[in-house]
Amino acid sequence: MASATLLLPLRSRLPGQALAGDVARSLGRADRLLGERGARAQLRRHFQLLPDHWPVAALTRQLDSDDAAHGGWLRADPVRIAPDIAGARMMAHGEALELTGEDVAQLLPALRPMFGDAGFTLDAPHPSRWYLRVPREARLPAFAPVEEVLGDDLFAHLPEGDAGRRWRALLSEAQVTLHNHPWNAQRVAQGKPPVNSLWFWGGGVLPDSVRTRFRQIKGNEVLLRSLAKAAGVGADGGEDGHIDALIDLRHLRSLDLLARDALQPLLAALGRRELDSLTLDFEDGAIFRLQRNQRWRFWRKPMPHLDAARPDHVPA
């Protein structure tokens, strides 16, 4: 038995020509489901964490340094903010800043004493991913994921209430330190964006276990790789030839490329019985499950467009 599941972006991010041929017929005959919308919900459909929380910092820390079991973790990622009429807007974070080891060597020493005085250790095993080590029992406020803040007003997403006061103060102090750092002036002179703030998010401790039904996971996205490592899954198939593969195609932005380079070859494999099932999982919650015996659903019309789908049912 072999199956494949494709992780796909929002359908609205796949402009292109109308569906045609085998792709349109197969999607028209597929089982259609509707799951929860969002990137996090999409991954939760395929990974089960015990206890049931979503500690991004601990998961990616384990990928970066293999030491996440030794404490609690919070991402303190470098970001670039720009003032606007309403306050300050996050314009870039992480890899978009094109940081190097030299950037880390210049900027972190100025920030470490401040966080050390607060009882936290700051380090950066990867130039784009900075971490605070916090006590395992630390009660952290709710921090907004960085992808929700990008492009928006930074202050609208700050942690609220008494629990967030300490973190708002730390963020303000970090912003002052980074704004005044001469290394940022040098980056700007070189045409690079400044690193003028941090963003705290993804806090928690490493899960006791991470499970998935897949025996092969292909993709370069950091959180997906972190979850695969935690679940003990690599990019190779099962030793007995049994392959349940999860393939990350969320970077695609062309329906034509998706149909030509992914769907048509996989549908052909389904027809040759090399594949038993194929699932398309879109970030907006639309899910298509295709199987070979669906070819007998001749009464169902081809699907001309992805957004024409209506779910057959909503999974519990």
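Predicted model: local features only at pLDDT ≥ 70, side-chain atom pairs only at ≥ 80, totals over all residues.
1. Strands S4 (72-84) and S5 (residues 87-93) run antiparallel and are joined by six bridges; strands are DSSP runs (E, at least two residues), helices likewise (H or I, at least four), and both are numbered from the N terminus. Two strands are taken to pair if DSSP finds at least two bridges between them. A hairpin of two residues connects S4 to S5. Val79 has His93 in S5 as its bridge partner.

2. Residues are numbered from 1 along each chain as its sequence is written, and side-chain values use heavy atoms, with hydrogens and water left out.

3. An open sheet is formed by six strands in the order S2-S13-S12-S1-S11-S10, with mixed pairing. Its edge strands, S2 (31-34) and S10 (216-218), each pair on one side only. On average, neighbouring strands of this sheet are turned by 15 degrees against each other, direction ignored.

4. Within the sheet, S12 (residues 277-282) and S13 (residues 286-291) pair in the antiparallel sense over five bridges. Ile287 in S13 stands opposite Asp281.

5. H8 touches S1 (2-8), S10 and S11 (243-248), and its direction makes about 165 degrees with that of S10. H9 (residues 255-271) touches S1, S12 and S13, and its direction makes about 150 degrees with that of S12. Contact here means heavy atoms within 4.5 Å; axes are lines fitted to C-alpha atoms, for helices over the stretch in contact, and angles run from 0 to 180 degrees between N-to-C directions.

6. H9 also meets H1 (residues 21-29): the two axes come within 10 Å and cross at roughly 65 degrees. The crossing of H1 past H9 is left-handed, that is, the near helix is turned anticlockwise from the far one by less than a right angle. Asp22, Val23 and Ser26 of H1 contact Ala259, Leu263, Gln264 and Leu267 of H9. These contact residues divide into four nonpolar, two polar and one charged. In this division Ala, Val, Leu, Ile, Met, Phe, Trp, Tyr, Cys and Pro count as nonpolar, Asp, Glu, Lys and Arg as charged, and the others, Gly among them, as polar.

7. The largest pocket has a volume of about 1,200 Å³. A pocket is an open set of points on a 1 Å grid over the protein atoms alone, where a 1.4 Å probe fits, with protein on both sides within 12 Å along at least five of seven lines; lining residues have an atom within 4 Å of a point. Grid points are joined across faces, edges and corners, and the volume is the space filled by probe spheres set on them. The lining comprises 33 residues, with Ala39, Glu147, Glu221, Leu223 and Arg250 nearest the centre. Elements giving two or more residues to this lining are H2 (39-44), H3 (56-65), S4, H5 (146-149) and H8 (222-230); H2 gives the most, with five. By class, the lining holds eleven nonpolar, seven polar and 15 charged residues.

8. Leu50 and Pro51 are joined by a cis peptide bond with omega of about -5 degrees, and Pro51 lies in the loop between S3 (48-50) and H3. Asp66, a residue other than glycine, has a positive phi near 60 degrees and sits in the loop between H3 and S4. Arg273, likewise not a glycine, has a positive phi of about 65 degrees; its place is the loop between H9 and S12.
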